[in-house]
Amino acid sequence: MNIVVLVKQVPDTATERTLSPADNTLDRASSDGVINELDEYAIEEALQLKEKHGGEVTVLSVGPDQASESIRKALSMGPDKAIHLNDAALHGSDALQTAYALAQVLRTIEFDLVVLGSESTDARTGVVGAALAEYLELPQLTLASKVDVDGSDITIQRATDYGYDVVAAQLPAIVSVVEKINDPRYPSFKLIMAAKKKPVEKLDLAAAGIEADRVGLANATTETVDFAAAPPRAAGTIVKDEGDGGQKLAAFLAEKKFI
Amino acid sequence: MAEVLVLVDHVDGEVKKVTAELLTAARRIGEPAAVWVGDGSDGAKASLAEYGAEKVYTAPAELNDYVVAPKAELLAKLVEQTSAAAVLVSATTEGKEVAGRTAVKLGSGVLTDVVDVTAELVAEHSIFGGATITHSKVRTGTPVIAVRPNAIPAEPAEGAAAIEEVSVEMSDAAKSAKVVERVQQEQSDRPELTEAAIVVSGGRGVGSDDFSVVESLADSLGAAVGASRAAVDSGWYPNQFQVGQTGKTVSPNLYIALGISGAIQHRAGMQTSKNIVAVNKDPEAPLLEISDFAVIGDLHKVTPQLTEEIEKRK
């Protein structure tokens, strides 16, 4: 079974994240780039499926030069190879344009399954899995907390407010995963060393068959008009519990008319 | 005036609060038309009319047998039929997916997790864990916008809510992911987490899978119960109640955090709450910085006293 796992480099949420005033896009230089957290769960799931069913795991990432670091890191968890779509013309692409670009690359690869994190920690749009299914006309098996493959049958548990839906489809399919699905492995020293030798195929727009007018800031379907720091919250009241903390809290809630 | 399509969120015919919020937002833009998938639209007519829905397009329950795609086909078809000015859906995980697929079908732009939207379709986002506010617009096609529940206050206004049945021919592609079973894991009388006006969440400080101290306070306030990632990862509370970056985003009128330090992971899921209250042993907990009222102390002492005080005042 051949699996493509999508990996996005995002700014580390532990650092201060900003937009760049020049064009209102993400300022990638101002904070460290890391693998989007949910993508690690996607990689883990892809590796577990490979361990059960055989085949190959390919990392696919769209991003600028510095995304190579995250691709290496992804490979050090165990995937076999990677594809890096990198072109200056992709700068400022919105979520749907990115999904389109990914779909175009996927059209050139033979795969049984695409696995991705259900959303990224930077833009958090949560649309890429669904948009990929739409572009490629493949089954949308998103928000998976469990994946089972049996021959060409695939079944997932799709997380819902009330529990989960069991969803069935035929391969090939698009699977997005939620955090509950597994515990991502830590790369071993041996795997980290091995990852340095794994092939990373570099593609630009032309090589991937992506029309330049379908991607990039100038052709984006959405536009960030402006941004500003959120107004700071007024400093609140902090009290130390001296046996009456609960009563003081109740008084605050009463003053705010919650009780 | 152009129609604005609002995809209704309902559970077995009972309309969720977010739909009233979306109808309120839709009235700023044009004439709200509700889009109902499944049975029960007759019974819900009054509650949709109350928030200004002029029309209710209803589609058969069969669309719910497949993941997301049929709803996108329905919305795209209605946009083309009605030349709608915009499509509004709730920014739940599924709502965002419906928005994405609908936008691809229409060749439109999509904005998700919006906290406000103007008559001119300028959308506000609260990003980076609430640290930054942005304003965005859709540049291409009919805007498809997913609005965060609890972000826009619902205001009543009378509408006709004229029901119009829509026939839908689902494509084979839309039927490729079939829901074969729905599993109810949690049955409680508490409000749904993203919809609740008050949320009481427990974190590492709760100390065990005995969440009764959190649940009792929540029940005294008619609130939903949430949990931090630390509590969920420890197996103390089920995953679907996790608030934060990799869980649910909530925006209630009152958020009470019990034993939650407030790492960025957590704040990303609750920072737009209107009032924030914290109980924590650690005076350095980052959540205190954004709290309107905080008690430094043991939540196992402070919380029962608070619950008792609330019960007394009832």
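Student: What makes the crossing of α3(B) and α4(B) right-handed?

Tutor: In this predicted model, that crossing is right-handed, so the near helix is turned clockwise from the far one (left-handed is anticlockwise by less than a right angle). Helices here are DSSP runs of H or I, at least four residues, and strands are runs of E, at least two, numbered from the N terminus.

Student: Why are α3(B) and α4(B) called oblique?

Tutor: α3(B), residues 69-82, packs on α4(B) at about 45 degrees, with axes 8 Å apart. Axes are lines fitted to C-alpha atoms over the stretch in contact, with angles from 0 to 180 degrees between N-to-C directions. Under 35 is roughly parallel, over 145 roughly antiparallel, 65 to 115 roughly perpendicular, and the rest oblique. So oblique it is for α3(B) and α4(B).

Student: Which residues of α3(B) and α4(B) make the contact?

Tutor: Among them are B:Leu75 and B:Val79 of α3(B), plus B:Val98 and B:Arg101 of α4(B). In contact means C-beta atoms, placed from the backbone, within 7 Å.

Student: How many residues do chains A and B bring to their contact?

Tutor: Chain B gives 75 and chain A gives 66. Helix α4 (residues 93-106) of chain B supplies nine, the largest share of chain B's side.

Technical notes. Residues numbered from 1 in each chain as written. Chains lettered and ligands numbered in written order. Predicted model: local features only at pLDDT ≥ 70, side-chain atom pairs only at ≥ 80, totals over all residues. Contact = placed C-beta atoms within 7 Å.
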